[in-house]
Amino acid sequence: MNHLKRSLSRFCTVALVGALVAGCASAPSPPTVLPSGDTAAVSSYLSKLIAFEMQHNKIPGLSISVVDDQQVVWTQGFGESDVQQHIAATPSTLYRAGSISKLFTATAVLQLAEQRRIDLDRPLQNDLPEFQPAGPASEAMGSTDSDAHAAHITPRQVMTHHAGLPRDRLKGMYAEHVEPLGTVVALLNDEGLAFRPGEVFSYSNLGFSLLAHLVQTQAGMPFAQYLRRSVLGPLGMQTSLFEAGPSTSPPMAKAYEGRQPAEELALRDLPAGGLNTSVADMARFISMVFAQGRSSGLQVLRPESVASMLQVQNGAVPLDLGLQVGLAWMLSTLDAHRIQGAGPVAHHAGATLYHRSQMYMVPDHKLGVIVMANSSTATRAVDRIALAALSLQLQAKTGIRPAPWTRPPWDDTASTPQYTQSLLGDYSTAAGLVRITQDAANGKLQAEVAGQTLALRRRSDDRFGLRYALLGLVPLDLGVLGDIGFTLRAVEGRALLVGSAAGQDMLVGERLGAPAPLSDAWRARLGDYVQTNADALSRDYRIRLFETRGRLLLEISNGKSGGENGTFIVNPVSDIQAEVLQNLAQGGQSLRVVRVDGVEQIRYSGYLARKR
């Protein structure tokens, strides 16, 4: 799901520029035949691939470990953890793990559940009575029981990203000095829910901070201390710690944007992304999973707890379509190059401001890989390297050669004109507004997404694929985005835009109805805004409310990749409250109108802004 969101929302910088550069260089070809047990050939090829990816993406330092059950079959560092000091990256180099940290937070929750101090299916309010977020904005107005949703949110729902909680509270998420973990309840009470609990997969960093607050409440000690004592220590991860910012230990990799030094700020939601660790330590975590919870003679988790982490938890959620989620683990992806034919694949990516990581496992064959890097430009590289390592190691160990998936050919006769016409319209997606129209010149479908217009062409599988030609002449390979086929599907009375690749379906967005006329109150708010409570990270943000073809849109831009850059649909639910839509036509983080010192301002994700 993260691949899809990144591919859509960062289309200009990732797909177009990346495709143009890729035309000038080619990655090394993997070995066609791998004799059984030939790990030397695997590591030889991976070394060449890593060198290519690091040069191609300007990555200063990268480390990798490949795990076969209880053994590390190959581990190595490449490049430099500190370019200025010429310190080489090694398997012991520390990186910010980003969202891979969530797996350790979930491990702590399961430990306490084994001790019956936490019940995964008991409402969080039983243990945290102060947790009282309002229901989604679209339900809150005129409702007498909108708060009732919070009474049914459980730890299991939070771990599977089905609690309906907002993804982030942007204000204060990164800062020189972050708020203590215990403030997360007040933040969530202030934000309210984005969706009804159990309605749809909705990724939430704040949710894992809430779980960590539950852990420290039940354990009677600070979260980071509990994790060190009960999880990291027993695993033998001696150099790993949960910390708000980068470690001050010498093995800590410096942060870079490309090869330019950057500042990795402290992270408020450290249970969701604040683990400092190495690939050497992460290999121990992977081996613990393969050993059914045991590590160095200690039972860190019971076998049934480990199994539950890797079991699909959301099979009864219609709007999730083919997306599969375990307890904190992701069990499916839209990447057409995913491992196939080897049983379930569990994975999790990680990203902070300037560190990137990716971890994959094939539990049935007890193979895993972890890749970590110290640059914001390494997002796709760590994923490609990890997938290649897992695929080749699987082949060397078992002889299984995952059947390659090929993109279906174009076939302009595959669909009826009626079906083609049914796709026309506006869609709410994780990347904001997507508009499917017909080209006035030739009548063919096109999609307007992230400021670009792409051609939509029928494929032989009766889905539509995206095409882009530079200057209208040179076709570019869109990578992951180009592999996805799009179709319209009716689910629970909704017209859903569904993405599919390699047999995997996922929710992309929902078609919107005709826009309601803007009220005078909202029309008066159109224009540019200036933040009144900006911090160092957001002071250069541009915020704008504007209308296009009857839709109210919120534009947020900081001139850099990542973050909340983009244009998002705003759905007013009253004259003073609205929701910023995601991949459904209702639901999303709340946007409110407030008055501060008598001046009207808009409030979104903790930020305040007044009209210029």
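In what order do the strands β4, β10 and β6 lie in their open sheet of three strands? The order is β4-β10-β6, and the pairing is antiparallel. β4 (95-96) and β6 (241-242) stand at the edges with a single partner strand each, so one side of each is left without a neighbour in the sheet. Between β6 and strand β10 (residues 275-277) there are two bridges in the antiparallel sense, and F242 has L275 in β10 as its bridge partner. Here the helices (H or I, at least four residues) and strands (E, at least two) are DSSP runs, numbered from the N terminus, and two strands pair if DSSP finds at least two bridges between them.

Before going further, note that this is a predicted model, in which local features need pLDDT of at least 70 and side-chain atom pairs count only at pLDDT 80 or more, while totals for chains, interfaces and linings use all residues. Residues are numbered from 1 along each chain as its sequence is written, and side-chain values use heavy atoms, with hydrogens and water left out.

Another open sheet is formed by six strands in the order β3-β2-β1-β15-β14-β13, again with antiparallel pairing. Its edges are β3 (87-88) and β13 (346-351), each of which has a single partner strand, so one side of each is left without a neighbour in the sheet. Within this sheet, strand β1 (residues 61-68) and strand β2 (residues 71-82) pair in the antiparallel sense over eight bridges, and L62 finds its bridge partner in F78 of β2. Helix α3 (residues 39-57) lies across β1 and β2, running at about 25° to β2. Helix α11 (residues 279-290) also packs on the sheet, where it touches β1, β2, β14 (356-362) and β15 (367-373), and its direction makes about 25° with that of β1. Contact here means heavy atoms within 4.5 Å, while axes are lines fitted to C-alpha atoms, for helices over the stretch in contact, and angles run from 0 to 180 degrees between N-to-C directions.

Two packed helices are described by the angle between their axes and the distance between the axes. Helix α4 (residues 101-114) and helix α9 (residues 223-235) pack at an angle of about 90°, with their axes 10 Å apart. That makes α4 roughly perpendicular to α9, a term that covers angles of 65 to 115 degrees. On the side of α4 the contact includes F104 and L112, and on the side of α9 it includes Y226 and L235. The residues of this contact divide into nine nonpolar, four polar and no charged, where Ala, Val, Leu, Ile, Met, Phe, Trp, Tyr, Cys and Pro count as nonpolar, Asp, Glu, Lys and Arg as charged, and the others, Gly among them, as polar.

The lining of the second largest pocket draws at least two residues from each of α14 (417-422), β18 (445-449), β19 (452-458) and β20 (464-467), and β19 gives the most, with six residues.

Notes: Parallel < 35°, antiparallel > 145°, perpendicular 65-115°, else oblique.
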